[in-house]
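Please report on selected charged side chains and on the ligand surroundings in the model shown here, giving the cut-offs that go with each term.

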Amino acid sequence: MTTPFGTRLRAAMDARGPLCVGIDPHASLLADWGLGDDVAGLERFTRTVVDALAERVAVLKPQSAFFERFGSRGIAVLERAVADARAAGALVLMDAKRGDIGSTMAAYASAYLDPAGPLFSDAVTVSPYLGFGSLRPALDAARAAGAGVFALALTSNPEGAEVQHAVRPDGTTVAATVLAALKAENAAEAAEGRLGSYGAVVGATLGGTAHRLGADLAIDGPLLAPGIGAQGATPADLPAVFGAAVRNVVPSVSRGVLRHGPDAASLVAAASRMADEVRAVAE
Ligand SMILES: O=C(O)c1cc(=O)[nH]c(=O)n1[C@@H]1O[C@H](COP(=O)(O)O)[C@@H](O)[C@H]1O
């Protein structure tokens, strides 16, 4: 049986530093790197990032949208990136943010969480906003494969609050309900003293807002914190946002590292500076 994702993630964070670097080949970044906004540019960009960082950072997070926009040839680049990054020892978090009715969710689960599939990843991002229960096929597929799932709880964009801060009839917020459901999924791993495999996405940009969730952030699983760099947050913001849960935070940076390319040494230096800054506040 494969070691569960949460356990593998904790080991990778300890060994490599707690950092996720996103692979987001924006058209503007391709241009900045002197590459065409075409499949050849996408491939060169992706390969450069994977070659530079997959042996060094804990998690690489390809953003599927930037590959999908090139159709099947873009997906082929994504497949190769997933395989190469995993072979080099990085955990791959597929940023697909899927969410659908349960029966369709089962197909998404087989796309990303079936070890026999060409896009099989260590974990995938999902949206719980069709109801947390609709994610069941993905949660079960992840458990079977030793993979992980990150559900959106409090996203980094300002528009998220209108849904995520909404208060239910029982007085809890929608986001707190998602966090509680993730904690329940992590119970078995937590009982063994392990980091759970079911993570939440909580933006690093939220200032004091997330911290007001306080104990709700204690989901016994990882907290992916995007929003560092281009969206304005810094590692120094993490303790205020996450409080005691900061130890389980995996900060995620895309453009803030990628803008240092195409030089591989500069990409490595940017990622390692960021990992050092995070380590300094998380310990
Ligand atoms: O799930 C995510 O990764 C995510 C959730 C969220 O709340 N906010 C957010 O920015 N993201 C993703 O994180 C990346 C942020 O990129 P940068 O702003 O360039 O660091 C993008 O791929 C977003 O889709």
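Glu 68 is partly exposed, with 35% relative accessible area, where buried means under 20%, exposed over 50% and partly exposed in between (1.4 Å probe, protein chains only). The model is a predicted one, in which local features need pLDDT of at least 70 and side-chain atom pairs count only at pLDDT 80 or more, while totals for chains, interfaces and linings use all residues. Residues are numbered from 1 along each chain as its sequence is written, and side-chain values use heavy atoms, with hydrogens and water left out.

The side chain of Glu 68 forms a salt bridge with that of Arg 98 at 3.1 Å, N to O, a salt bridge being a side-chain nitrogen of Lys or Arg within 4 Å of a carboxyl oxygen of Asp or Glu. Because Glu 68 belongs to helix H4 (residues 64-68) and Arg 98 to strand S3 (residues 91-98), this pair ties together parts that are 30 residues apart in sequence; helices (H or I, at least four residues) and strands (E, at least two) are DSSP runs, numbered from the N terminus. Arg 98, at 18% relative accessibility, counts as buried.

| Pair | N to O distance | Helix |
|---|---|---|
| Asp 84 and Arg 80 | 3.2 Å | H5 (residues 71-87) |
| Asp 140 and Arg 136 | 3.3 Å | H7 (residues 136-145) |

Asp 84 and Arg 80 are four residues apart, about one helical turn, and the relative accessible area of Asp 84 is 29%, which makes this residue partly exposed. Arg 136 and Asp 140 also take part in a network of salt bridges with Arg 143 and Glu 185.

Asp 24, in the loop between strand S1 (20-23) and helix H2 (27-32), is buried yet has no salt bridge, the nearest side chain of opposite charge being Lys 61 at 4.9 Å; here Lys and Arg count as positive and Asp and Glu as negative, while His and the chain ends are not counted. The side chain of Asp 24 does make a polar contact of 3.2 Å with that of Ser 254, the term denoting a pair of N or O atoms within 3.5 Å, one able to donate a hydrogen and the other to accept it within protein.

Asp 24 is also among the closest of the 17 residues that surround the ligand, a residue being near if one of its heavy atoms lies within 4 Å. A ligand nitrogen atom is 2.6 Å from an N or O atom in the side chain of Ser 156.
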